[in-house]
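I opened my notebook to go through this model piece by piece. Below is what I looked up, in the order I took it.

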Amino acid sequence: MGMANLQKMAQQMQQQMLRVQDELGSATVDGSAGGGVVSATVTGKQELVSVTIDPSAVDPGDVEMLQDLVVAAVNDALRASRELAEQKMAAVTGGLRIPGL
């Protein structure tokens, strides 16, 4: 395999990775907690977009439980976002783990 061929392959991979990063920026995933009373939506780039709380989850006497549900829902959504990013990047890198991606 010649050097020019390797450079061409590297450029193609870089273009594919940029395309995937753009896709991840517009993709959204959801996470939930408490049987769905709290849900969170994040982008494929792991940016929180929204949090939805069912009024039944709001108990002024137990704010800590609501806070825990919000944290759990956001963490669930972030986990789903990381999995989506790993799947899309694996398609580009052929499963190679490239630091920083």
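**Salt bridges and charge**

I began with Glu83, which is partly exposed because its relative accessible area is 38%. For burial I use these cut-offs: buried is under 20% relative accessible area, exposed is over 50%, and partly exposed is in between, with a 1.4 Å probe and protein chains only. I note that this is a predicted model, where local features need pLDDT of at least 70, side-chain atom pairs count only at pLDDT 80 or more, and totals for chains, interfaces and linings use all residues. Residues are numbered from 1 along each chain as its sequence is written, and side-chain values use heavy atoms, with hydrogens and water left out.

Which residue forms a salt bridge with Glu83? I found Arg79, with the closest N and O atoms 3.1 Å apart. A salt bridge here is a side-chain nitrogen of Lys or Arg within 4 Å of a carboxyl oxygen of Asp or Glu. Arg79 and Glu83 both lie in helix α2, four residues apart, about one turn of the helix. Helices (H or I, at least four residues) and strands (E, at least two) are DSSP runs, numbered from the N terminus. Arg79 counts as partly exposed because its relative accessibility is 36%.

Next I looked up how many salt bridges the structure holds, and the count is four. One of them joins the side chains of Glu23 and Arg19 (2.7 Å, N to O). Both residues lie in helix α1 (residues 3-26), four residues apart. Arg19 is partly exposed at 42% relative accessibility. Glu23 is partly exposed too, at 29%.

Glu23 also meets the side chain of Lys88 in a salt bridge (3.1 Å, N to O). This pair links distant parts of the chain: Lys88 is in helix α2 and Glu23 in helix α1, 65 residues apart. I logged Lys88 as partly exposed, with a relative accessible area of 27%.

**Hairpin**

I then followed strand β1 (residues 28-33), where the side chains alternate. Val29, Gly31 and Ala33 point to one face and are buried.

How many bridges join β1 to strand β2 (residues 38-43)? I counted six, and the two strands run antiparallel. Strands pair if DSSP finds at least two bridges between them. Thr28 has Thr43 in β2 as its bridge partner. β1 and β2 form a hairpin with four residues between them. In the turn, Gly34 has a positive phi of about 65°.

I checked Gln46 as well, in the loop between β2 and β3. Its phi is positive, about 65°, although Gln46 is not a glycine. Gln46 is partly exposed at 36% relative accessibility.

**Helix α2 and a distance**

I placed Glu64 in helix α2 (residues 63-93). Is Glu64 buried or exposed? It counts as exposed because its relative accessibility is 59%.

Met89 is in helix α2. I logged Met89 as buried, with a relative accessible area of 10%. Last, I took Met89 and Ser56: they are 33 residues apart in sequence and 39 Å apart in space, C-alpha to C-alpha.

Ile53 counts as partly exposed because its relative accessibility is 33%.
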